[in-house]
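Biologist: I am new to this structure. Could you take one part, look at it closely, and then work outwards from there?

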Amino acid sequence: MILDPRTAHETAEKLMQIKAIKLQPKAPFTWASGWKSPIYCDNRITLSYPDLRNFLKTALADALKKLYPDAEVIAGVATGAIAMGALVADELGLPFVYVRPEPKKHGRQNQIEGELPANSKVVVVEDLISTGGSSLKVVDVLRESGAEVMGMLALFTYAFRLAEENFDKAQLALHTLSDYPHLLEALQQSGDLDKETFETLISWREDPSSWQA
């Protein structure tokens, strides 16, 4: 669920301005899942732009205060959301942990890094939601540790139906600053999107698992 339509549009515009959004319909990207995609959203780039970084941090922190005033710990998803999660936690004066996709192979073999007291009320911060699979694995790890996961906040979602189904199954609320529909709207308004590319971006989102260039 989008937190605020105006913020969603502004976030999409800002991501475009720093070229965090890459379009390659004729030379598609390959995701870790093996899916082909004409678009790539690299939110890590936002960390290099102080004004945008602060805008995103403040927007997430304000939303978190309103939605989850009882939150006790912020958890970032490794690796993409570690920095933003820590910034949000610092803004709110809350403890921070991050969760790896799997336990370390050496040392203490931790999967949750940081101090997470038993029964903590946790909000997860993520940078990007595609299917939601990897993000929800982190939620499972936190729940298995005894934490109460209250919800998840993310910078951007592709808004796939599959992601909605996965979050429904996990019984977890997802709130994001922006999403794919608002990005398409911003791209159209910029005048940088031709009709063929627009149609490609629409068809890809309808069936991303089998789409081909």
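Modeller: Start at A81, which is in contact with G76, V125, E126 and D127, leaving aside its neighbours within four places in sequence. Bear in mind that this is a predicted model. A81 lies in a loop, between strand 5 (73-77) and helix 3 (82-92). Is A81 buried or exposed? Its relative accessible area is 0%, under the 20% cut-off, so A81 counts as buried. For a sense of distance, take K26: A81 and K26 are 55 residues apart in sequence, and their C-alpha atoms are 29 Å apart in space.

The peptide bond from A78 to T79 is cis, with omega near -5 degrees. T79 is in the loop between strand 5 and helix 3.

Now move on to helix 3. Helix 3 packs against helix 2 at an angle of about 60 degrees, with the two axes 9 Å apart. The angle therefore makes helix 2 oblique to helix 3. Their crossing is right-handed. Which residues meet here? Helix 2 brings R53, L56, K57, T58, L60, A61, L64 and K65. Helix 3 brings M84, L87, V88, E91 and L92. By class, this contact has 8 nonpolar, 1 polar and 4 charged residues.

Helix 2 (residues 50-67) also meets helix 1 (residues 5-17). Their axes come within 11 Å and cross at roughly 155 degrees. An angle over 145 degrees counts as roughly antiparallel, so that is how helix 1 and helix 2 run to each other. This crossing is left-handed. T7, E10, T11 and K14 of helix 1 touch L52, F55 and L56 of helix 2. The classes here are 3 nonpolar, 2 polar and 2 charged residues. Note L56: this residue takes part in the contact with helix 1, and L56 is also listed in the contact with helix 3.

Next, the core. The largest nonpolar core has 64 residues, and L142 and Y158 have the most contacts inside it. Helix 2 gives the largest share of this core, 7 residues. What does Y158 touch? Beyond four places in sequence, its contacts are W31, I39, Y40, C41, L128, I129, S130, Y180, W204 and R205.

A159 sits in the loop between strand 9 (148-157) and helix 5 (161-170). Its relative accessible area is 14%, so A159 is buried.

N119 also has a positive phi without being a glycine, at about 65 degrees. N119 is in the loop between strand 7 (112-113) and strand 8 (121-129). Buried or exposed? At 59% relative accessibility, N119 is exposed.

One last stop is H182, in helix 6 (residues 180-190). H182 is buried, with a relative accessible area of 17%. Not counting residues up to four places away in sequence, H182 touches I2, P5, A8, H9 and A12.

How values were computed:
Residues are numbered from 1 along each chain as its sequence is written. This is a predicted model: local features need pLDDT of at least 70, side-chain atom pairs count only at pLDDT 80 or more; totals for chains, interfaces and linings use all residues. Side-chain values use heavy atoms; hydrogens and water are left out. Helices (H or I, at least four residues) and strands (E, at least two) are DSSP runs, numbered from the N terminus. Buried means under 20% relative accessible area, exposed over 50%, partly exposed in between (1.4 Å probe, protein chains only). Contact means heavy atoms within 4.5 Å. Axes are lines fitted to C-alpha atoms, for helices over the stretch in contact, and angles run from 0 to 180 degrees between N-to-C directions. Angles under 35 degrees count as roughly parallel, over 145 as roughly antiparallel, 65 to 115 as roughly perpendicular and the rest as oblique. A crossing is left-handed if the near helix is turned anticlockwise from the far one by less than a right angle, and right-handed if clockwise. Ala, Val, Leu, Ile, Met, Phe, Trp, Tyr, Cys and Pro count as nonpolar, Asp, Glu, Lys and Arg as charged, and the others, Gly among them, as polar. A nonpolar core is a set of buried Ala, Val, Leu, Ile, Met, Phe, Trp, Tyr and Cys residues joined through side-chain atoms within 4.5 Å.
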